[in-house]
Amino acid sequence: RWRSTEPGRHAEVLTADTITLYDLAKYWIEPETQERKCSMVELIAAGPQPPEWFVSHWWGEPVKDFITCLRQHLKDRDLPLDTTAYWVCAYALRQHDLGI
């Protein structure tokens, strides 16, 4: 069971409604990409993923809210879900090589 990485919430068991990008990076992105020291995009993409849109957001918001915003953006701009590419730092950057 994954628990929140936020100070003051460490005892809280995460759910689909509460997991943040901080949590997702710790429990999923970093472990999955550790061996290859690659980004999540490099790990799962079949080829290059040139972005059409850059996304700036707060890692502390629930991931489900972030996805809701992306879906709204697609709808507002009448963009196709299956071919619209976004650049999202947590997935595009190599979390093991950030220099921090």
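The expected span of a helix is 1.5 Å times one less than its number of residues. I keep that rule at hand for H1. The model I am reading is a predicted one.

**Entry 1: overall layout**

I started with the whole chain. I count four helices and two strands in the protein chain. Reading along the sequence, I get the pattern α-α-β-α-β-α. I looked up the extent next: the C-alpha trace spans about 40 × 30 × 25 Å along its principal axes. Of the 100 residues, 29% count as buried. I then checked contacts with a separation of 6 or more, and residues 24 or more positions apart account for 57% of them.

**Entry 2: helix H1**

How far apart are the end C-alpha atoms of H1? I find only 15 Å for its 13 residues, short of the 18 Å that a straight helix would reach. I went looking for a bend. A kink of about 30° lies at Tyr27 in H1.

Which residues of H1 are buried? I list Leu21, Asp23, Leu24, Ala25, Ile29 and Thr33. I note a general point here: an α-helix has 3.6 residues a turn, so residues three or four places apart point the same way. I also asked what covers the buried residues of H1, and the cover includes H2, H3 and H4.

**Entry 3: Thr33**

Why does Thr33 count as buried? Its relative accessibility is 0%, and buried means under 20%. I set aside its neighbours within four places in sequence and looked up the other contacts. Thr33 touches Cys38, Ser39, Met40, Leu43 and His96.

**Entry 4: the largest pocket**

The largest pocket holds about 690 Å³. It is lined by 22 residues, and the closest to its centre are Leu70, Thr84, Tyr86, Val88 and Tyr91.

Which elements each supply at least two residues of the lining? I find helix H2 (40–44), helix H3 (63–76), strand S2 (86–88) and helix H4 (89–92). H3 gives the most, with six residues. I sorted the lining by class last. It has 18 nonpolar residues, two polar ones and two charged ones.

**Entry 5: cross-check**

H2, H3 and H4 are among what covers the buried residues of H1. Helices H2, H3 and H4 also each give at least two residues to the pocket lining.

Key
Residues numbered from 1 in each chain as written. Predicted model: local features only at pLDDT ≥ 70, side-chain atom pairs only at ≥ 80, totals over all residues. Heavy atoms only, no water. Buried < 20%, exposed > 50% of the residue type's maximum accessible area, 1.4 Å probe, protein only. Contact = heavy atoms within 4.5 Å. 1 Å grid on protein atoms, 1.4 Å probe; cavity = no way out; pocket = protein on both sides within 12 Å on 5 of 7 lines; lining within 4 Å. Points joined across faces, edges and corners; volume = space filled by probe spheres on them. Nonpolar A, V, L, I, M, F, W, Y, C, P; charged D, E, K, R; others polar. Bend = angle between axes of the 7 residues up to and from the residue.
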